[in-house]
Amino acid sequence: ALTSYACHVPACSARELLPVLCPHCSLQVCFRHRHQVDHACVNLQEAAPRMQRTQELVRGITEGRRGAATAAGRRGARSAAVTARVQLMKTKQQAVGEQGIPQEERLYLRVRLPRPVGVSEGQQQQQQEERAVFVSRAWSVGRVVDWVASATRLPNNNHVAGAKKLRLCDVATLRAWPMDALVDSLLSALGSEGEGAAGEGLRDGGGVLLEYLDPGCDVAPDASPPS
């Protein structure tokens with residue numbers, strides 16, 4: 001006759017061909033009652049602290065990784081802020097604008113001028129010029145466009161029906177801002193001196209795109225504008 005091993009759990013009549021011993025209490029059980037909780041293992045409470053220690057170890061590793069990621073994020077934010085301040089300083093050194101604008105009212109921008117007509121797509125970025133300017137935060141977008149066009153001697157037919165319009169565009173979305181929008185209302189929610197990550201809206205020392213768009217068009221062609 002084959003040897004079989006009876007399960008010692010009360011009211012269980014199962015038998016196994018091979019011994020199934022609980023590693024914690026050495027009780028012979030069946031396959032269905034092999035887990036501690038299933039056969040009311042007398043050492044179940046002793047195993048719990050080990051599980052708790054394992055959970056605490058895993059929690060510590062997870063929190064350590066989160067802390068490292070947070071620290072890396074803070075370092076990245078500080079680096080971006082330093083880069084923004086350096087860019088603003090360079091823009092201020094090169095910028096031209098109306099001298100009558102009070103210092104506290106000035107917004108410094110790097111304007112990428114429209115693509116020249118008659119150059120190949122591969123030459124467009126090389127041919128485009130970028131100018132550092134300062135404008136008034138109290139101006140409208142339309143006045144900024146008119147002033148930059150005049151200062152850089154760009155053709156400006158915004159008053160001519162059916163002609164392509166000079167538009168000031170967001171470098172992140174390439175969308176043109178409304179001509180009657182005030183500059184101050186388009187400023188990004190950033191700290192002083194342009195601190196913060198580049199995103200939608202204007203920022204002190206940041207870049208904008210000036211482009212000729214067809215009437216009714218509010219999106220500039222895809223390009224690589226200044227950040």
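L107 has V135 in strand β4 as its bridge partner. The model in which this pair is found is a predicted one.

With β3, β6 pairs in the parallel sense, over four bridges. With β5, β6 runs antiparallel, and five bridges join the two. L209 can be followed on both sides. R112 stands opposite L209, and L209 is also the bridge partner of C169. β6 is mostly covered, with seven of its eight residues buried.

The next topic is charge. Side chains of opposite charge can pair when their charged atoms come close. How many salt bridges does the structure hold? There are six.

One of them joins R110 and E130, whose closest N and O atoms are 3.5 Å apart. R110 is in strand β3 and E130 in strand β4, so the pair links distant parts of the chain, 20 residues apart. Is R110 buried or exposed? R110 counts as buried because its relative accessibility is 9%, and the cut-off for buried is under 20%. E130 has 38% relative accessibility and therefore counts as partly exposed. R110 and E130 also belong to a network: salt bridges that share partners join them with R112.

A second salt bridge is formed by the side chains of D214 and K164, with 2.6 Å from N to O. D214 is in the segment after β6, whereas K164 is in the loop between α3 and β5; the two are 50 residues apart. D214 is partly exposed, with a relative accessible area of 43%. K164 is partly exposed as well, and its relative accessible area is 43%.

The side chains of D218 and R167 also meet in a salt bridge, at 3.3 Å from N to O. D218 lies in the segment after β6 and R167 in strand β5, so this pair ties together parts that are 51 residues apart in sequence. D218 is partly exposed, with a relative accessible area of 34%. R167, at 13% relative accessibility, counts as buried.

Finally, consider D170, which lies in the loop between β5 and β6. D170 is buried yet has no salt bridge. What is the nearest side chain of opposite charge to D170? That side chain is R175, 8.8 Å away. The side chain of D170 does reach a backbone atom: the nitrogen of T173, at 3.4 Å.

Conventions: Residues numbered from 1 in each chain as written. Predicted model: local features only at pLDDT ≥ 70, side-chain atom pairs only at ≥ 80, totals over all residues. Heavy atoms only, no water. Pairing = 2+ DSSP bridges. Buried < 20%, exposed > 50% of the residue type's maximum accessible area, 1.4 Å probe, protein only. Lys, Arg positive; Asp, Glu negative; His and termini not counted. Salt bridge = Lys/Arg side-chain N within 4 Å of Asp/Glu carboxyl O. Polar contact = N/O pair within 3.5 Å; in protein donor to acceptor, adjacent residues only side chain to side chain.
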